[in-house]
Amino acid sequence: MPKIFRSSLLVLCACLVAFTSCDRTEDERNDLKDQIVANYAAMVYANYQDALEGAQTLDVALEAFVASPSEATLTAAKNAWLASREPYGVTEAYRFGEGPIDDADGPEGLMNAWPLDEAYIDYVSGNANVGIVNNTAITIDMPTLESLNEVGAEENVSIGFHAIEFLLWGQDDPNTALLTPGQRPFTDFVTGANGTAANQDRRGAYLLVCGDLLIKHLQSLVDEWNPNGGAYYATFTALDRDEAIRRMLTGIGILSKSELAGERIFTALDNADQEDEHSCFADNTHRDIVTNAIGIRNVYLGLYTRTNNTVVSGPSLRDLANDIDATLNADLEALLNSAVAATEAIPVPFDFGLTQEAVGGSGPIQSSVTALQAAGDKIAEVASAMGITISTDLPE
């Protein structure tokens, strides 16, 4: 083939690539953006529905356990808690985007606040009489426990997933049982002579109130995102399309680079402190991290697989990015896949993994930090290619 023909052919191919990646008219691209916004809203609603259903199943298991405490009913309650964390972990990708989860009245701090000072709730090793459970002057009901959340210090967490976790598992002492979760006996909930620890009835009542509050707060998010009359659904879908997309990208950018890579993983690694890990009582932190990373990728791909295995999918940020710059899109997809794979390689339990590597090394925990940070930076780069400026820093 003559050199000049080869050169012309290469130019023609380059033009075809450019044309196929940027061949939408402005109206067609705006229509794509509208579909992306609508699909995202449908994903969020479905995901919060799944999280609510998980909390409702958990509540049933908590009621069965408190009504008849035994090793079997405690195990069932623990398994229900673990299962409920799976869909909830994915919803973390909807944070930081000015939605109802984080607004002035948002319930995030009432559902997922951590780290948690165990002594604020119940007895701890070396002190049998501390906590709300053992202070009989405090009424255990929904308004009271909700009002006590984070009073005096942000670690004074009284309700939410991690309060339930602590009540079910008890303290996880890294000095005596590094490879096992907390070992609270079911007899802590048995009233009468066979019970252990004081105030078993109050402990059971506390656990049930936490379950009811979790349902209440998740229901509020389902209601906000309901396509049939949800207040925030109406607000979000009426936004300027680029503003809605900015919020989507900001949420996953902050979660990837700052919240997940930074606050949830690097802080624990840097401090080598179990108290900094997310689900320390149940040793479920690795799953928290993995589901968060999956949630980030889901938002970009416009795809969510529900707990019943049905799929919510549609036009996505990936489609828009690919239309603008196919290479940049491929780079981000690869980084998101790498980030999920890196989090899946984190040792179990996470607190043991913290003792096996150091900051700046090549261990799996540090590698997950690096992968998530790279993905966050690339999300910001993709946003810029879309003509949108985002920050991946945590809000002040």
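This is a short chat about reading a few features of a predicted model.

Me: Let's start with helices. How do the axes of α2 and α3 cross, and at roughly what angle?
Reply: Helix α2 covers residues 26–67 and helix α3 covers residues 71–91. Their axes come within 8 Å and cross at roughly 165°. Angles over 145 degrees count as roughly antiparallel, so α2 is roughly antiparallel to α3. As for the hand of the crossing, it is left-handed.

Me: Which residues of α2 and α3 meet there?
Reply: From α2, the residues include Asn 47, Tyr 48, Asp 50, Gly 54, Leu 58 and Phe 65. On the α3 side, among them are Thr 73, Leu 74, Trp 81, Pro 87 and Tyr 88. Sorted by kind, the residues of this contact come to 16 nonpolar, 6 polar and 1 charged.

Me: Now rings. How many aromatic pairs are there in the whole structure?
Reply: The general idea is that a pair of aromatic rings is described by the distance of the centres and the angle of the planes. Here, a search of the whole structure turns up 12 aromatic pairs. Take Trp 225 and Tyr 232: their ring centres are 5.0 Å apart and their planes sit at 70°, so this pair is edge-to-face.

Me: Are Trp 225 and Tyr 232 buried or exposed, and which cluster do ring pairs link?
Reply: Trp 225 is buried, and Tyr 232 is too. Ring pairs link Trp 225 and Tyr 232 with Tyr 40, Tyr 48, Tyr 94 and Phe 236 into a cluster.

Me: Why is helix α6 described as largely enclosed by the rest of the structure?
Reply: Look at burial, where under 20% relative accessible area counts as buried. In α6 (residues 161–169), 9 of the 9 residues are buried, so the helix is largely enclosed by the rest of the structure. Among those buried residues are His 162, Glu 165 and Trp 169. The buried residues of α6 pack against α2, α3, α4 (108–111) and α7 (200–225). Just after α6 comes Gly 170, with a positive phi of about 75°.

Me: Which residues have a positive phi although they are not glycines?
Reply: Glu 98 has a positive phi of about 70°, and Glu 150 has one of about 60°. You'll find Glu 98 in the loop between α3 and α4, while Glu 150 is in the loop between α5 and α6. Glu 98 is partly exposed, with a relative accessible area of 46%. Glu 150 counts as partly exposed at 34%.

Definitions and conventions: Residues are numbered from 1 along each chain as its sequence is written. This is a predicted model: local features need pLDDT of at least 70, side-chain atom pairs count only at pLDDT 80 or more; totals for chains, interfaces and linings use all residues. Side-chain values use heavy atoms; hydrogens and water are left out. Axes are lines fitted to C-alpha atoms, for helices over the stretch in contact, and angles run from 0 to 180 degrees between N-to-C directions. Helices (H or I, at least four residues) and strands (E, at least two) are DSSP runs, numbered from the N terminus. Angles under 35 degrees count as roughly parallel, over 145 as roughly antiparallel, 65 to 115 as roughly perpendicular and the rest as oblique. A crossing is left-handed if the near helix is turned anticlockwise from the far one by less than a right angle, and right-handed if clockwise. Contact means heavy atoms within 4.5 Å. Ala, Val, Leu, Ile, Met, Phe, Trp, Tyr, Cys and Pro count as nonpolar, Asp, Glu, Lys and Arg as charged, and the others, Gly among them, as polar. Rings of Phe, Tyr and Trp (its six-membered ring) pair if their centres lie within 6.5 Å; planes under 30 degrees apart count as stacked, over 60 as edge-to-face and the rest as tilted. Buried means under 20% relative accessible area, exposed over 50%, partly exposed in between (1.4 Å probe, protein chains only).
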